[in-house]
Amino acid sequence: MPTDPFAAKRAEMRDEFFAKLFLLGGWLGSTDTYKRTMWAAVPDIALQPAAYTLTFRKGLPEPGANNRLVMAGHEAVLAQWFHRPLRRRDILLARDWYARHSATKAFPAEVWDAVLAQPGEELRLPVDVWGLPGGQTFLAGVPCLTFEGPGALISYTEPAMCRYFAPVIQATKARLMRAATPRDAEFGLRSAPVEVCNLILLLARFVGGAGDEGAPQLTSNDTAEFMWPELFRSIGTIGHEMMCAAQSFDRTLAEAEFEMMDRFVSKMGAASLLCDLVDAETVGLENALRVIRSHPETDRVGVRVDSGEIAGQCVLYFQKMKQLGIPPRVIVFEDEVTPEGVRRVYDTFRAQTGVEPTMLFPGAGGYWWKLVHRDTVSAAFKRTATADRPNVKFSNSPGKETVPGYVRVYARGDTLVVADRSESVDGEPLFVKLVDQGRVVYAEGFCEQAARAERTWGRYARWEVSPLLRDHLDRFAAMRAAEVAAARARLAVGAGPT
């Protein structure tokens, strides 16, 4: 069997990708300052067993989401703390810096001494992570991951783990796009803060949108196709910059545009001709039709519209090609494409042509980054248990109270049930172990995850907590109500705290 000449480089790049996501320099400073000060103040509590859960308290505010979210991103987000072991020398150096040289001089030495007690130079966080597997649909408000182990060590990971918001939002967007169109392409590389963010997006998009068949997703990111050729397929055509290169003051703009269109097709044999360099509805239209007619040897030349009144232009190009006897060609449309935008273009096309828009092909770039913020889904990483005691974080904003306990999630019909790990629940257990004592053990394939997103997207309509957790919540709520009422009474008469 022939050796794959690309395998070694592909493996090297995948390793480098996940290594780039690991703590910068393996340094313990990848957290918020208050983690150091809190746990330095209460070292006895810092090392107690604890649970923290990650919860998205709000759904994605897009039509069709209906409070549903799709889990994705384990491979990338967990890599931030668990891709490789920490190094003893780095922990010792951090202890010296933060205890003696930082502007905020505090270091929870007892916490990190527990890690340093392990033998050897390479050390793991004694933390377990349970959560929903990739592709699992869940509802806003349902805890989707739980971190269990020494509380202060879990606390250090909070800023990194909140970043699950990005792949979860993007996987959910992929489901919404899939519901709007059976075909689309991603052109968002330049929208990403850095290239690794685009790769995280693309993996999440595959999980959310590839479906049962796991068909390769189209993208203009050449690196993604090389790294995961089974997941992605590159797509590219002529761009404005090439067409501009033929312009000069001694010829018409139309001549320059036609020359570059024609040269591209003559060389490449296929193209989505970009028609708005001068004007998509006049000059570009004439040039595109002229090029298509002058190359009868190929039927792989279509058009691309990405500015102006997109829906009307799709109709215009289709009708003009039909008038000239040109069989239907692919019409790529862009310009702030969203699932709702795709539906509007499709509906306009159907209404004005009486034809199904099978030749229309949407491409989205900026859409994949719109609303990709922690606040969009109100991602919260909160302590829910200490030792054998449930904990609740209250709030003056409704809906921000946490679900207490060492939680697990089950499915029962169209309902998601949140329970404590100590309970026996009549339902399908959904949580799987993702990290075992600091080692990532989740290794499910992306196609498996995509198939799960397909079969679970429409499954759940509501969620509830188990009787034990309901009892915890009710008791905490009663305690809070009584204490708030008593404090208000004291304050009303000018009494000080007791």
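Select K173 and Y367 to start: K173 lies over the face of the Y367 ring, 3.8 Å from the ring centre. Keep in mind that this model is predicted.

From W368, step to R205, which touches W368. R205 sits in helix α11, residues 195-209. Is R205 buried or exposed? Its relative accessible area is 1%, so R205 is buried, the cut-off being under 20%. Now show the side chain of D184. The side chains of R205 and D184 make a polar contact at 3.0 Å.

Next, select F394 and F476. Their ring centres are 6.3 Å apart and their planes stand at 70 degrees, so this pair is edge-to-face. Where do the two residues lie? F394 is in the loop between β16 (389-390) and β17 (407-412), and F476 is in helix α20 (residues 467-492), so the pair ties together parts 82 residues apart in sequence. Colour F394 by accessibility: F394 is partly exposed, with a relative accessible area of 29%.

Move to R290 and F258. R290 lies over the face of F258, at 3.6 Å from the ring centre.

Last stop: select F17, F18 and W228. Ring pairs link F17, F18 and W228 into a cluster.

How values were computed. Residues are numbered from 1 along each chain as its sequence is written. This is a predicted model: local features need pLDDT of at least 70, side-chain atom pairs count only at pLDDT 80 or more; totals for chains, interfaces and linings use all residues. Side-chain values use heavy atoms; hydrogens and water are left out. Helices (H or I, at least four residues) and strands (E, at least two) are DSSP runs, numbered from the N terminus. Buried means under 20% relative accessible area, exposed over 50%, partly exposed in between (1.4 Å probe, protein chains only). A polar contact is a pair of N or O atoms within 3.5 Å; within protein, one must be able to donate a hydrogen and the other to accept it, and residues adjacent in sequence count only if both atoms are side-chain atoms. Contact means heavy atoms within 4.5 Å. Rings of Phe, Tyr and Trp (its six-membered ring) pair if their centres lie within 6.5 Å; planes under 30 degrees apart count as stacked, over 60 as edge-to-face and the rest as tilted. A charge sits over a ring if NZ of Lys or CZ of Arg is within 6 Å of the ring centre and within 35 degrees of the ring normal. Lists of a residue's contacts leave out its neighbours within four places in sequence.
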